[in-house]
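Mentor: Let us work through this model one question at a time, with its sequence and structure in view.

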Amino acid sequence: MEPGSVENLSIVYRSRDFLVVNKHWDVRIDSKAWRETLTLQKQLRFCHQLDFSTSGALCVALNKAAAGSAYRCFKERRVTKAYLALLRGHIQESRVTISHAIGRNGTEGRAHTMCIEGTQGCENPKPSLTELVVLEHGLYAGDPVSKVLLKPLTGRTHQLRVHCSALGHPVVGDLTYGEPSGQEDRPFRMMLHAFYLRIPTDAECVEVCTPDPFLPSLDACWSPHTLLQPLDQLVQALRATPDPDPEDRGPRPGSPSTLLPGPGRPPPPPTKPPETEAQRGPCLQWLSEWTLEPDS
């Protein structure tokens, strides 16, 4: 697999106000560490985050007004995101709702990790909701693996990785929440990819679908053998979902009503109170410190 470089930055969407890049799996977004010679921050300036080992769609705002409109979409929970992943084991259910609350791990030596409510050292757990749809069963380097589509309906740190681990099916290649290190020697990366992104700003709807990196033609270790759900059908469902009104605090776009059968549908994520001036302050400061050239 080709390593990340400044030259192979992949742009999948471009307009006057926004870029969306297909982040390489081995490039950090930013870092203060002297040893990090390449980060996305050196390639571009960006406005939201992906974990270091996660590839896929990352949106970049090109001016202050665009940054503010994108921020409002994220704050009002109007952004739709979907991820592809390879998970350990064959998941028997075709669709799963994962609703473990997630908090920061206060255990010594685990300060930069998250955990689910009820585990030792879990601090300030918050409600979290993820939808999972199984696409394929197969083998990765001879071990049973499921290819899935994941839709986070809340935005907790490391949410997808923590939820999949709590389900008993960690992300292949996830050394933090996955199998013991001795059992993760085959994958060359963490198999989590930001596949679909829609940000419905007032000026334009930024919508992208990045290439699927989990194909046998790209990784000979992955050998699917049973198709359970065609990916293109789920993409059509995501794209057909109407965007909610900015004042609507109900389920997010593409929530269980579009991807799950009616019976047993889970409740929407808890409603957040209106944003306070203290919460708004960091965003305004960020916008005031924007380092791009003034708009022409």
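Trainee: Which residues does L86 touch, not counting residues up to four places away in sequence?

Mentor: This is a predicted model, in which local features need pLDDT of at least 70, side-chain atom pairs count only at pLDDT 80 or more, and totals for chains, interfaces and linings use all residues. Residues are numbered from 1 along each chain as its sequence is written, and side-chain values use heavy atoms, with hydrogens and water left out. Taking contact to mean heavy atoms within 4.5 Å, and leaving aside residues up to four places away in sequence, the list for L86 is Y140, V145, S146, K147, P170, V171, V172, M191, F214 and W222.

Trainee: How many residues does the largest nonpolar core have?

Mentor: A nonpolar core is a set of buried Ala, Val, Leu, Ile, Met, Phe, Trp, Tyr and Cys residues joined through side-chain atoms within 4.5 Å, where buried means under 20% relative accessible area, exposed over 50% and partly exposed in between (1.4 Å probe, protein chains only). Inside the largest core, L86 is among the residues with the most contacts, together with L87, L132, V148, L149, L150 and L192. The size of this core is 40 residues.

Trainee: Which strand gives the largest share of this core?

Mentor: Helices (H or I, at least four residues) and strands (E, at least two) are DSSP runs, numbered from the N terminus. The largest share of the core amounts to six residues, and these come from β4.

Trainee: How many residues are in the other core, which lies apart from it?

Mentor: A67, A70, C73 and V208 are among the members of this other core. Lying apart from the largest one, it has a size of 15 residues.

Trainee: How many residues of strand β11 are buried?

Mentor: Strand β11 spans residues 192–200 and is mostly covered. The buried count is nine of its nine residues.

Trainee: How many residues lie between β11 and β12 in their hairpin?

Mentor: Strand β12 (residues 205–209) pairs with β11 in the antiparallel sense over five bridges, and R198 stands opposite E207 in β12. Between the two strands of the hairpin, the number of residues is four.

Trainee: Why does C59 count as buried, while C209 counts as partly exposed?

Mentor: C209 counts as partly exposed because its relative accessibility is 30%. C59, by contrast, counts as buried because its relative accessibility is 0%.

Trainee: Is H158 buried or exposed?

Mentor: H158 has its place in the loop between β10 (143–152) and α3, and it touches D51, H112, M114 and Y177, not counting residues up to four places away in sequence. With a relative accessible area of 19%, H158 is buried.

Trainee: How wide is the arc covered by the buried residues L231, L234, V235 and L238 of helix α4?

Mentor: In helix α4 (residues 231–240), the residues L231, L234, V235 and L238 are buried.

Note on methods: Pairing = 2+ DSSP bridges.
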